[in-house]
Each structure stands twice: as structure tokens, then as C-alpha cells.
Amino acid sequence: MPPVFPMLTVLTMFYYMCLRRRARTATRGEMMNSHRTIEANSRTSPLNAEVVQYAKEVVDFSSHYGSENSMSYTMWNLAGVPNVFPSSGDFTQTAVFRTYGTWWDQCPSAPVPFKRTPPNFQSQDYVELAFEQQVYPTAVHVLETYHPGAVIRILACSANPYSPSPPAEVRWEILWSEKPTKVNASQARQFKPCIKQINFPTNLIRLEVNSSLLDYYTELDAVVLHGTKDKPVLSLKTSLIDMNDLEDDYEEKNGCGMDNLNKKFSSIALREGTSNGYFDKLPYELIQLILNHLTLPDLCRLAQTCKLLNQHCCDPLQYIHLNLQPYWAKLNDTSLEFLQPRCTLVQWLNLSWTGNRGFISVSGFSRFLKVCGSELVRLELSCSHFLNETCLEIISELCLNLQDLNLSSCDKLPPQAFNHIAKLCGLKRLVLYRTKVEQTALLSVLNFCSELQHLSLGSCVMIEDYDVIASMIGAKCKKLRTLDLWRCKNITENGIAELASGCPLLEELDLGWCPTLQSSTGCFAKLARQLPNLQKLFLTANRSVCDTDIEELACNCTRLRQLDILGTRMVSPASLRKLLESCKDLSLLDVSFCSQIDNRAVLELNVSFPKVFIKKSFTQ
């Protein structure tokens, strides 16, 4: 008679996985008023009432389309009850991220992507929302009003942002995740993914988005958190088993995430054996080349197999390009400490989104940089809110070979901290989008960093006079190829003239939402005549752009690939046809809200120029 134990084991695993699958099922209630308690449905105990609440506050985000000094198209619109939903369309009262599609990856300012990025990490932007009450989440509903489908991950945090004392431990758990998918409809929807159950209450939710498959900007109106004050009891009624449960169990039991990075790298209990198989017969360089295709957690696992592969996995040559952004939720000082011995040759380092809420300290960052700083050429620190003035001072002293520095959305850095960047004279790329850099510090940076080729100053609201900045750029940055002046509040035709004459190599210029520029001064026509290498030009929301400007671009900027003239009232279909006939490489043309360009004109242009993506949106 065969033993029954294997069958019992299989049944046990089946029951366990059914429970896990059940935990992912969200409670689907109707939309309620903020913080209104409703009677829970049959999947929770009758004594455990469900709480439904809207976000109380937007805690953090990586980018937004709007200005720092207004509410239009900003992430702050996600706080509170819906402003627009269930209406569909383009509304200023919604939250909109800065980019969409693949256009930003195809422009001259696009950075080279890091290798070894895990295939399951495809997030481009994020927003974190705080709710009033901590609950065990049963559902998260996202109200999308225009071009939905960007949300790809939803996470919950154990930390209470309203707690007066810092927590002893901060944990992030993924409630739901999915690869980017194309949503064909642009109408509003209530997105209700099935989330998994977690074992701690939360009032801090994070949405991560990927807009690469969207035809236009996604717009979010509100986020609703459903949950119970007490941990819900799972029902025995189960759904079909998802094979992802098997993968999740494997990840958890084998510790494949960054939370086990320390023990993986520090383990010395390697398998003893007389032979390493065929690897003994391969050249060292060939093994290194093979391992170069593995992600960081894969290297951690492989290092445990034998001494030979441990040696290869710990070789500093495997860490020349080190991307730690995908592991932001787990990376801490201890992780950096164990990585130090194998990071002596790091040239590219990505710490974007990492270290927040005390995960990385200034001292931990300093110790790590003392090991790898001397060889660093590229340093990505977008949204790294652990940074302070001391950190920038250490970067300027230790990273003397640095050519690429990204401080995008590091809005907690004090203005005086940016003075230290002037010591990095070899910089070629500097991103200061949404920072508090002031005019004096920026002028010092421009004076000493004359090798700059890519400069982003979008939404830098602390700069008093952009004409002075433009004049300095034109005088000192002769090699500049791309410049982002998105939402620069006071640049005039004088500053544009200095830029055009001093930076003839410019290939990309973003002057979107710069209200003080007027076509009647001739600034756009002169720009076109003096910058023949332009590939991307954004004149978003400048209502004065006219046919003369478009015709000058057609005559002088034949390499143009992307043009945004959203909102102009003075451009006709005839001038656009001339532009499209002249600029054979043009791939993006945004004529949204252009009053003279109607649907029929867009359709005719699309028929004549099918390779060009011509975007036309209308007011509600």
C-alpha cells in the first residue's frame, strides 16, 4: 500500500495556497464619503466594520505636470474627495505626472538606462498618500479620469506619517502589481485591483506608475482606501489558484529580495566539494561575462553555490554599474555596508528613491561613498530625501570624476547645499528639476561647470531672474546640448537671445509654460534661425506661437523630431503641413487645444503623414 504522506502534503499545500489567494481578493464596496464607516460585507466578521476613506494628504511624489505654486495638474489634487470623477476628459483639477509615452526616452537628454534592472521593476513615477486612520486594507480604488492604465504597483507602509515618534521598524508590502498594459479607452474608470492581505495596519499607500504605453498624460482624481480596524478573518471559500502564489512563496522562503542581501553576501557556509563542474574549465573572463547578465539578487543567490562562483559574484568588476533603485523598499545602511567591499570600482550608481524614512543615514551614505566615490562617473539620487548639505559636500569632495548628477525632486535639500556642486567642474549632466536651488548658487555652478551638456532647471521656483541665468548659460556653457526650462516664470526674449547666440549646439529646448515669452518679439523666429540642430522644442501653453514661427522652424530646423505647441490660437493647418513636409524625422506633434486645428485638419494631416503621432485633445 503506497504511503499517504505525499498526498497529505499536497492537500496541505493546496489549502495554504487557497488561503493566500483568498487574501488577495479585495472587498468591492460602493464609493462613500470620506472616512465614512459602512457595514462590512460577508467576507469579514459582522463585528468588524469596514472603513472607507479618501487620502488626507499627499506625502511625496516624483514628478507632476503642474507648477509648484498652484493646484492645476499637481499631485496635491489627489488629496480629499473627487473633483472630477465620474466625468472624463482633461481637467486641471486632477493629478498628472510629467511624462507619457516613449517620447522622453527618445530625446537627446534621455539618460542611458542601467543594466541589470530586474524585469519586474518597471516603475517610472510614484506618489505616496497618507490617510487619517490606520486599517488592514481590503481594497484600494483609484479614480482615473483620462487615459487610464498607468498604475502598475500599489504598496502599503507600516509607518504612520502622523505618529509623533519614529517607528522602530518600517516595512513596505506590495498589495498589487502588474506589468504595464495598454488600455485602449481614454474614458474615466474606477480601477479596483484585487489586493493581497497584509499583517499590519496602514494609512500610507504608494502608487507607482508606468506611462510608456499611454497615448497621452494619465489623470488621477482620487484614491479610496477600504479596510478594517481589526485584522480580518479569512473565509474558507476560495478562488482558483494563481501560479503567482508559487512564485511569491519561493521568493519569500528563499529570501531572494534585498532584505536578505546582508546574510547572502556575508555567509561563509559555502558548499564544500572537490569540483566546480565545467566552470573549472572556463576562462575567468567568460564566467564574468555570463554573470554580467544576472540581477543583483541573482548574484546573491549564486554566491552561495560554491567557492568559485562566490569569488566571481564578489568581484568588483560585477558592480561597475550598480542600480539599487529597484530595491528602494529594503535598502538600508546595513545593505550598503555589506556591498562596500565589492563596490571599489563602481562608475555608475543609482540610489534614486532610496533611503527615505531613515533607511539610509548621512553617516551610512558617507561611509559608502568613501569606498566607491573616487571612481564614480554617474550618480542618480532622484527623490532621495535622506540627502542634506553634508551629503552634497561629501559628494563634491570625494567624487572628483563625477560627470552626471541627478537630484531631481530632492525638494528637501536646503538652498545653500547646492553651492557645493560648483566644485564638480567635470559635470556634463546636471538635473535640478523641482529643487530649491537659488540664483546665486546656480550662477556659481554655471561659472565653474563649463563642460555641461545637459541641464534641467524645470520647476525651480527659487530662481528670481531667469534672464540672468540664461545669460550665464550662453556665456559659459558653450557645449550645452539640452536645456529644460519648464515652467520658468520670468524668462524673456532677452534671455532667449543670449541662449540662442551662446549655445549653438542645442538639440533640445523645453520652454513649456513660460508665460513671459511672446512671439511678437521675434524670439521664437530667432531661436529657429540660430539653432539648426534642434530635435526637440516644447512651447507648451504659449498662446502667441504663430504661423511665422512654424514656418521658420520648417526652413531652419529640418532635424526636428518633437514639437509641442499645445494651446496656441494662431497656428493654421497650412503652416503645419509645411513643417511636416520639411521635417522628415518629425515623430511627435502636439496640437492639443489649438483653436485653428480641428478634427478634420488632424485627420487630413494623419493621412498625409502617417508616421507622425499628431496629438489633439479638446476642452471639456
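Modeller: Ala, Val, Leu, Ile, Met, Phe, Trp, Tyr, Cys and Pro count as nonpolar, Asp, Glu, Lys and Arg as charged, and the others, Gly among them, as polar. By these classes, the lining of the second largest pocket has 14 nonpolar, 20 polar and 10 charged residues. The model is predicted: local features need pLDDT of at least 70 and side-chain atom pairs 80 or more, while totals for chains, interfaces and linings use all residues. Residues are numbered from 1 along each chain as its sequence is written, and side-chain values use heavy atoms, without hydrogens and water.

Biologist: What makes a residue part of the pocket lining?

Modeller: A lining residue has an atom within 4 Å of a pocket point; the points lie on a 1 Å grid over the protein atoms alone, in an open set with protein on both sides within 12 Å along at least five of seven lines. For the second largest pocket 44 residues qualify, with Asp105, Pro111, Gln124, Asn406 and Arg429 nearest its centre.

Biologist: Why is cysteine 107 called buried?

Modeller: Buried means under 20% relative accessible area (1.4 Å probe, protein chains only; exposed is over 50%, partly exposed in between). Cysteine 107 has 7%, so it counts as buried. Cysteine 514, at 3%, is therefore buried too. Of the 620 residues of the chain, 55% are buried.

Technical notes
On a 1 Å grid over the protein atoms alone, a cavity is a set of points where a 1.4 Å probe fits but cannot get out, and a pocket is an open set with protein on both sides within 12 Å along at least five of seven lines; lining residues have an atom within 4 Å of a point.
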